[in-house]
Amino acid sequence: MILDYMPLIIMIVVGLIFGVSNIVLAENLGPKRSTRAKLSTYESGMEPVKTARERFTVKFYLVAMMFILFDIEIVFMYPWAVQFRELGYYGLSAMVLFMVLLFSGYLYVIKKGALKWD
Amino acid sequence: MSLTNLIVILVQAGILVNMMLMAAAYMVLAERKIAAWIQNRVGPNRVGPWGLFQSFADVFKLYIKEDIVPAAADYKFHALAPVIAIGVAVTTYAIIPFSGPLIELDGVKYGLAMAPNMNIGILAVLAMTSVGVYGVALAGWSSNNKYSLMGGLRSAAQMISYELSMGLAIIGVVLIAGSLNLIDIIQAQTDGMWFIFLQPVGFILFLITALAETNRAPFDLPEAEPELVGGYHTEYSGMKFGLLYLAEYANILASSAIMATLFLGGWDIIPFLDDSTVLGLAPFSLPLVILGHMAFLGKAFALVFVFIWIRWSLPRFRYDQLMNLGWKVLLPISLVNIIVTGLVILFLQ
């Protein structure tokens, strides 16, 4: 069982080795002639104003939270989809009920204006 | 796991990584050539005939470039982000079944598919795209640049928003095939209806979400040049930039290959008909499998062409339009698609 996943694990290792070796190679091959101006943060040629570690809009957090809620519910649908033919109309009606609940929460979030970007 | 098995897996990994590199090199060239063609220009034509060696020249140049890490950046995460991006992109290739069984060693058949028995197949693809968000978000945050941060945030929000519709679009296919294993999904389409005919809405949803997941135009907000310079890779140079760029193209090919698997019948050559009787070859014979592999790559690269074509034809969305499309249009449509598909399957049973 776990052996079926070995190729995936091996490929993850291969991918990481590929990435790390390329970065190490490129860091050592290229010239190193750094100056203070070259190492400063790029801001279209202007002197950088403050850093980027500032506060940003809360909407990105809202999107992330909504994603977690919806994604968990979508993952619930996968086992149902695989067993769909065995579960028949009972399974479908249960899933429609589940989707209605999901959708009412979704409508609430939309009406609250969580996705207004202006 | 026997030694033969392990060696075969390592050989497959080597072939797939090299295939990805070659494909990405020529996709970059194809992108530049097609862009030039659409804009009535010539495009790269100096390095080799028709600029065929342009990408290799670019790669060698990237290797000998100075690797600049801004003083304000967080060095560890700045270096880690491209590794995550490329690691995830490479891992996806282990999941896609590129061909049927080609050779037999010790009674086990192997093809250009590393994990044919993995029963979660398509779920692993979704998992990998989720991890891919970390690469982009880390690249944006660690650069400590306002453009990078905005690009990374936008990209993360966009990728997770469209992943919902992508997951739901796949459920339509899973309902018909009754399995998450990609080879089972291809078998369900072989010699019959490809799922594009049964799931046209699902296919269009998947195509749109794949464009958004790979940060391609018209959804390339994360690197919108007029606002954000280069987006999350503004502060990257040399091979680190090269790896981020490579990961982008690797992801385009991977999502095209997944679309070919889920909706276009994978390695099935002719829709509606039995390949082996039409072509007069025994089922699972070597020539048929090789032809099927060619058909698979043909489908995948045709979709890559569609990606490029869309990029150079359509203008960019505004960010609120992008989020509205993802949450208020695609999400309800994909939910309805699942219910309709389920009802039709049960009605026909």
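In helix 3 of chain A, the residues A:V63, A:F67, A:F70, A:I74, A:M77 and A:A81 are buried. These assignments, like the others below, come from a predicted model. An α-helix has 3.6 residues a turn, so residues three or four places apart point the same way. Helix 3 of chain A, which covers residues 59-82, comprises 24 residues and reaches 35 Å from its first C-alpha to its last, close to the 34 Å expected at 1.5 Å a residue.

The C-alpha trace of chain B spans about 60 × 45 × 45 Å along its principal axes, and 53% of the 349 residues of the chain count as buried. Among the contacts in chain B with a separation of 6 or more, 78% are accounted for by residues 24 or more positions apart.

Within chain B, the axes of helix 1 (residues 3-38) and helix 10 (residues 238-263) come within 9 Å and cross at roughly 100°, which makes helix 1 of chain B roughly perpendicular to helix 10 of chain B. Helix 1 of chain B takes part in this contact through B:M20, B:A23, B:A24, B:M27 and B:V28, and helix 10 of chain B through B:L246, B:Y249, B:A250, B:I252 and B:L253. The residues of the contact of helix 1 of chain B with helix 10 of chain B comprise 10 nonpolar, no polar and no charged.

Helix 10 of chain B also carries B:N251, which is buried, with 24 other C-beta atoms within 10 Å. Leaving aside its neighbours within four places in sequence, B:N251 is in contact with B:A89 and B:T214. The C-alpha atoms of B:N251 and B:Y93 are separated by 9.4 Å, although the two residues are 158 residues apart along the chain. Helix 3 of chain B, with 21 residues, reaches 32 Å from its first C-alpha to its last, close to the 30 Å expected at 1.5 Å a residue; this helix is mostly covered, and 17 of its 21 residues are buried.

Helix 8 (200-213) of chain B has 14 residues that should span 20 Å at 1.5 Å a residue, and its end C-alpha atoms are 20 Å apart, which agrees. The buried residues of helix 8 of chain B are B:G202, B:F203, B:L205, B:F206, B:I208, B:T209, B:A210, B:L211, B:A212 and B:E213, and they pack against helix 4, helix 5, helix 7 (195-198), helix 10, helix 12 (286-313) and helix 13 of chain B.

Most residues other than glycine have a negative phi, and most peptide bonds are trans. Just after helix 8 of chain B, however, B:N215 takes a positive phi of about 55°. B:N215 is found in the loop between helix 8 and helix 9 (225-228) of chain B, and with 22 C-beta neighbours inside 10 Å it counts as buried. A positive phi of about 55° is also found at B:N144, although B:N144 is not a glycine. B:N144 is placed in the loop between helix 4 and helix 5 of chain B, where its 21 C-beta neighbours inside 10 Å are enough for B:N144 to count as buried.

Conventions
Residues are numbered from 1 along each chain as its sequence is written. Chains are lettered from A and ligands numbered from 1 in the order in which they are written. This is a predicted model: local features need pLDDT of at least 70, side-chain atom pairs count only at pLDDT 80 or more; totals for chains, interfaces and linings use all residues. Axes are lines fitted to C-alpha atoms, for helices over the stretch in contact, and angles run from 0 to 180 degrees between N-to-C directions. Helices (H or I, at least four residues) and strands (E, at least two) are DSSP runs, numbered from the N terminus. Angles under 35 degrees count as roughly parallel, over 145 as roughly antiparallel, 65 to 115 as roughly perpendicular and the rest as oblique. Two residues are in contact if their C-beta atoms, placed from the backbone, lie within 7 Å. Ala, Val, Leu, Ile, Met, Phe, Trp, Tyr, Cys and Pro count as nonpolar, Asp, Glu, Lys and Arg as charged, and the others, Gly among them, as polar. The expected span of a helix is 1.5 Å times one less than its number of residues. A residue is buried if 20 or more other C-beta atoms lie within 10 Å of its own, exposed if 12 or fewer, and partly exposed in between; C-beta atoms are placed from the backbone.
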